[in-house]
Amino acid sequence: MATTRSRIERKRPKEAARSRTDTARLKLAGVAALFAVLWVLLWGRAAYVQVFLGPKLSDLAGKQNLATEFELGERGRIYASNNALLATSVESKSVYATPIEVGNAAQTAQSLAQILGGQKKNLERELSSKKGFVWVKRQIDDTEAQAILKAGLPGIHLTSEFRRMYPNRHLAGQILGFVDVDGKGLEGVESLFDERMAGGKAKFVVQRDASGRRLYLDAQGREMNIRGQDVRLTIDTVVQDAAEQALAEAVTKYNGRSGMAIVVRVQTGDILALAHFPYFNSNNPAESKAAARRNRAAVDIYEPGSVMKPFVFASALEQKVIDPNKVIDCEGGKWILRGKPIRDTHPYRWLSANRVLRYSSNIGTAKIGLSLGAQPYYASLRKLGFGERPGLELPSESPGMLRQPKEWTEVDLANISFGQGIGVTGLQMAKAYLTLANHGLKKPLRLVADPPLAAPPPEPERVFSQQTADTVLSMMREVVEEDGTGKMARIPGVPMAGKTGTAQKASGKGYGDGIVASFVGLVPADKPEFLLMVTVDEPTPVTLGGVVCAPAVRDIAIKTLSYFGRLPEGKAGPKADAPEYSMQAKATHPPQAESGGAGVPNLVGLPVRRALEVLGRRGVVPALKGGGMIITGQKPAHGEPWPEGQSRDEGFTLWLGHGDKEHKQ
Amino acid sequence: MSRMHGWVLAFFSAIVGALVLGLSSVWLNIERMDLAYDLNKLEKELASRTALSAKLELERNNLISPYRLKRLASLYGLGPVGPGQMRLMTGQQAPALGGQAETQGK
């Protein structure tokens with residue numbers, strides 16, 4: 001019995017312990033279950049937020065820290081054939097306001113008016129409005145932008161834009177055209193190649209930080225090239241400047257209304273210069289009248305007058321109607337054809353065909369035209385490019401005015417023979433003369449070197465035989481080289497073929513007092529390399545093309561030939577026996593090289609050009625060191641013997657500077 | 001028992017791994033933002049220098065434009081060469097058409 005009780009007593013603690021263990025397990029299971037439920041709930045919530053609400057929340061977050069930005073590309077540049085920059089775009093600041101952020105509109109307007117100019121009242125009215133965005137002034141200069149930043153006006157902000165700039169000011173202004181404030185090409189090459197040159201637009205997303213700074217986290221959208229493509233013209237800035245200067249002098253000197261000048265490289269048809277006067281500065285298009293912006297050479301139709309005569313002669317020679325020695329009765333200066341008088345400036349009686357052209361007889365030319373007939377002459381004119389657009393694809397290019405031959409009366413044919421009763425443009429005239437200059441082969445004019453034409457240029461078409469063209473060129477040479485009407489264009493040592501024109505301008509039903517003077521020159525006459533043409537509208541009191549325009553053509557020809565190294569080399573200086581160091585320059589007191597006797601002269605202080613000339617005559621090409629235009633040092637020194645042998649060039653060194661003698665030997 | 005031990009070990013390894021990955025992600029994000037700030041700064045500098053370069057190029061082209069050079073040339077007593085005044089340097093031929101003469105201007 002006692003044993004049994006003791007067993008029971010021994011068992012009780014174990015049961016109690018087991019009972020406690022079960023309770024603890026139960027509690028643990030409960031806690032585990034609770035945590036499991038919480039865990040599941042947490043994951044469930046996380047899944048709900050991530051999966052179900054995720055896209056929506058992501059959008060909301062994106063609105064807070066992501067922003068879409070646009071970037072506009074720079075507009076393409078325009079280059080000249082000599083790599084000079086004609087048009088480019090630079091970054092410029094524009095001022096805008098958010099009126100709701102502007103505290104004191106009157107004070108802000110006052111400050112802005114002081115910095116930017118303009119009417120304070122207008123600014124104040126804009127700043128007082130309830131608009132969200134107001135342009136204050138666009139494309140201001142850097143100084144104004146700095147002043148705006150310094151002023152720190154509330155609600156006034158700066159943004160960057162591209163501003164179109166033309167570094168050569170008015171040079172080729174009518175050809176280049178201009179763009180509006182948004183950079184869209186409105187006229188000229190800017191308009192013609194607007195699509196090509198316009199900058200692209202890139203759209204990309206940026207991240208914003210708490211302070212609003214933009215952070216580019218990837219290159220999405222920015223990898224594309226948004227810069228506009230460049231354009232290269234055949235214009236050469238040096239020739240263009242020479243043409244503009246000579247034209248301006250001719251128009252100003254003879255009180256003309258306007259003028260144009262064209263220089264063409266004969267071999268290729270490249271237009272090296274297309275100048276107009278009055279000038280047009282593309283940097284400030286608003287300051288010029290619409291008439292000054294016009295590309296007159298492409299747009300304006302005028303009656304050319306006697307500069308048309310070589311084409312009648314060429315057609316007549318081609319059709320064997322005349323030969324250069326055929327004698328024509330010029331009627332003593334006045335001829336009545338079907339009741340209409342035709343007059344010559346000077347009375348002539350019997351002239352050979354070449355003299356008819358040399359003295360520019362209207363009567364003689366009219367008779368040649370009548371002998372030729374309307375249809376053959378018209379066919380020649382069409383082949384030369386009259387009555388159709390010159391093909392440069394410039395905006396508003398005109399086809400001129402050439403009626404059908406069936407509409408021509410005898411008087412019309414006579415008039416058209418000497419350049420009245422027909423309307424041409426300057427470019428058409430240049431293109432026609434280009435055919436003569438190319439010995440009868442028709443070649444297209446070219447103003448744009450890059451991009452090339454979509455369609456390849458047609459094969460050169462022969463309009464006149466080489467013999468015909470050369471005969472006309474020799475006749476035109478007499479106009480300049482002999483006692484013709486173009487002798488004022490003569491350049492010593494350079495044969496020139498040319499033709500003057502003095503045309504009446506139509507006024508109402510007849511002809512008024514207005515005259516168009518012109519001159520076309522081809523140099524060298526025997527194998528032309530350059531075609532030069534100058535036209536002045538309504539010169540007074542002198543109206544003759546040979547007086548008004550021929551000197552301008554001469555001036556342009558000299559500068560063009562010297563630029564291309566085509567002027568004949570002088571055999572001797574101004575004084576044949578003068579020492580080499582005494583050559584005269586244009587300067588009032590030209591610096592001279594001090595003679596070194598048998599040794600090296602003193603070149604220090606001379607302009608580099610003159611020093612090279614002195615050494616060049618000795619056959620020495622020195623090494624040049626430093627920068628500047630004045631010789632500041634030389635080796636060998638003054639009076640030392642000339643270097644000899646192979647080391648002659650290497651042994652001569654000139655140091656250049658700006659005249660401050662910074663270098664001593 | 002050893003199987004249970006393996007599960008526990010795998011569980012803790014996963015936790016530690018997730019922690020490491022999370023920290024790495026945070027660290028990479030911070031680095032990315034730092035790089036973005038640097039990139040932003042560099043892009044601003046590049047834009048500023050590009051703009052300055054364009055302006056300087058414009059200025060250079062203005063300075064070498066024919067009307068400027070003419071003014072400078074007249075200051076030094078230089079002008080266009082006239083007929084009979086051109087000298088070609090010894091041994092030098094006239095340049096091909098399309099090139100510029102070395103010996104222009106007087």
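pLDDT is the predictor's confidence in each residue, on a scale from 0 to 100.

A note for all views: this is a predicted model, in which local features need pLDDT of at least 70 and side-chain atom pairs count only at pLDDT 80 or more, while totals for chains, interfaces and linings use all residues. Residues are numbered from 1 along each chain as its sequence is written, and chains are lettered from A and ligands numbered from 1 in the order in which they are written.

View 1. The average pLDDT of chain A is 87, and 91% of its residues score at least 70. Over residues 572-591 of chain A the pLDDT falls below 50, and this stretch has 28 contacts in the model beyond near neighbours in sequence. Residues 660-665 of chain A also stay under 50, with twelve contacts beyond four places in sequence. Here, two residues are in contact if their C-beta atoms, placed from the backbone, lie within 7 Å. Please look at such places with care: where pLDDT is low, the predicted coordinates should not be read in detail.

View 2. Chain A is assigned domain 1 (69-233), domain 2 (239-563) and domain 3 (580-657), with bounds from an automatic or database domain assignment. The centres of domain 1 and domain 2 of chain A, taken over C-alpha atoms, are 45 Å apart. Contacts join 21 residues of domain 1 to 22 residues of domain 2 in chain A. On the domain 1 side, helix H6 (173-176), helix H7 (188-192) and strand S8 (231-233) of chain A each supply at least two residues. H6(A) gives the most, four residues. Helices (H or I, at least four residues) and strands (E, at least two) are DSSP runs, numbered from the N terminus.

**View 3. Helices H12 and H15 of chain A packed together.** Helix H12 (residues 309-318) and helix H15 (residues 374-384) of chain A pack at about 120°, their axes 10 Å apart. Axes are lines fitted to C-alpha atoms, for helices over the stretch in contact, and angles run from 0 to 180 degrees between N-to-C directions. H12(A) contributes A:Phe311, A:Val312 and A:Ser315, while H15(A) brings A:Pro376, A:Tyr377, A:Ser380, A:Leu381 and A:Leu384.

**View 4. The hairpin of strands S18 and S19 of chain A.** Strand S18 (residues 497-507) and strand S19 (residues 510-523) of chain A pair in the antiparallel sense over ten bridges; pairing needs at least two bridges found by DSSP. Two residues lie between S18(A) and S19(A), and A:Gly508 in the turn has a positive phi of about 65°. To find your bearings, look for A:Thr500, opposite A:Phe519 in S19(A).
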